[in-house]
Amino acid sequence: MKNNLITAISFSKLLTFQKISNYLLLASSFQLSRIVGRPILWGHPTTLSIEPTTSCNLRCPECPSGLREFSRPTGMLQEQLFKKTIDQVQGHLTWLHLYFQGEPFLNPRFLKMVAYADSKGIFTSTSTNAHYLKEKQVAEVLQSGLKQLIVSMDGITQEIYEKYRVGGQLEKVQEGIQLLLSQRKKSKQDFPRVVLQFLVTGQNEHQLPELKRWAEKMQVDELQLKTTQIYDFENGSELIPADLGYSRYIPTGNGKWKLKKKLQNKCWRMWQGAVSTWDGKIVPCCFDKDAEYVMGELNSQSLASIWSSPPYQNFRKQLLNDRTQIEICRNCTE
């Protein structure tokens, strides 16, 4: 509770009248759109995910970065495009997640970009597999102004960890977390808040008690137990945990599986924020990993013009009418 309160206070300190007003406009127009059955859009994105890179050092089985199976171009976010984007959104953006696919720390300018967004009064977060939290990087993280660091660690022994985080070294991850937390304490800083994220699968669910003990010993700020997205879930998978409380899917009774939650014709994400690929393509959300639904390009358009463009509005309209017709929405629990 205390750790969440620290994050909430830091987040609230960065809010302005413009940001709050913008959020209320978005929320109001979302609810009105649901009532009338057509997209009404007031306001600008309040959150944004930007992809530092598609490169990754691991080969996770349910990730296009890990599988090296992108159908879109791969590369590194350039600082010029990043700054151009931040300058456009700084007035209304409340949360920036510097992550989409890939390992952010592989971009050599990553923490410089974090610092730039922080200087503009934007709450910043990122996700990492924590293989690059060495002394130099940890010092730069603490100087960057990063507010939240989500660390993926899906096992408490090397044998189990590497079943999903293929090619990963658990010892490196744990040493990196410990170094960051100790250096943060030594420098008397509260940030970044360290969130330990554990994808619960059929391979690692038995380690949850040990994981909780380790997280408490390390004094991480938060432990998140997350359900795993599986591409071909209909036929089942060894990644689906036996404890269905940690699963997005449930058996149908005939050897097949289905989404646990019923899909509803709504999606707050489409009114809340957007996702940008490393090369400036705006896509509707993080489920569009291959950028199949490009709404516009930041290299030639402003985010404001893309946000209210016909392609985006048509996408929102389809969501309100029948989201099952949108491929990326069929495996979503929003």
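Visitor: Is the crossing of α4 and α5 left-handed or right-handed?

Guide: A crossing is left-handed if the near helix is turned anticlockwise from the far one by less than a right angle, and right-handed if clockwise. Here α4 and α5 make a right-handed crossing. Keep in mind that this is a predicted model, where local features need pLDDT of at least 70, side-chain atom pairs count only at pLDDT 80 or more, and totals for chains, interfaces and linings use all residues. Residues are numbered from 1 along each chain as its sequence is written, and side-chain values use heavy atoms, with hydrogens and water left out.

Visitor: Which residues of α4 and α5 make the contact?

Guide: Contact means heavy atoms within 4.5 Å. From α4 come Glu79, Phe82, Lys83, Ile86 and Asp87, and from α5 come Lys112, Met113, Tyr116 and Ala117.

Visitor: Which residues of α4 are buried?

Guide: Buried means under 20% relative accessible area, exposed over 50%, partly exposed in between (1.4 Å probe, protein chains only). On α4, the buried ones are Glu79, Leu81, Phe82, Thr85, Ile86 and Val89. They fall within an arc of 160° seen down the axis, so they line one face of the helix. The arc is that of the directions from the helix axis to the C-beta atoms.

Visitor: And what about α9: which residues are buried there?

Guide: First, the general idea: an α-helix has 3.6 residues a turn, so residues three or four places apart point the same way. On α9 (residues 208-218), look for Leu208, Leu211, Trp214, Ala215 and Met218. Their arc is only 120°, which puts them on the same side of α9. Arg213, Glu216 and Lys217 are exposed on the other side.

Notes:
Helix = DSSP H or I, 4+ residues; strand = E, 2+ residues; numbered from the N terminus.
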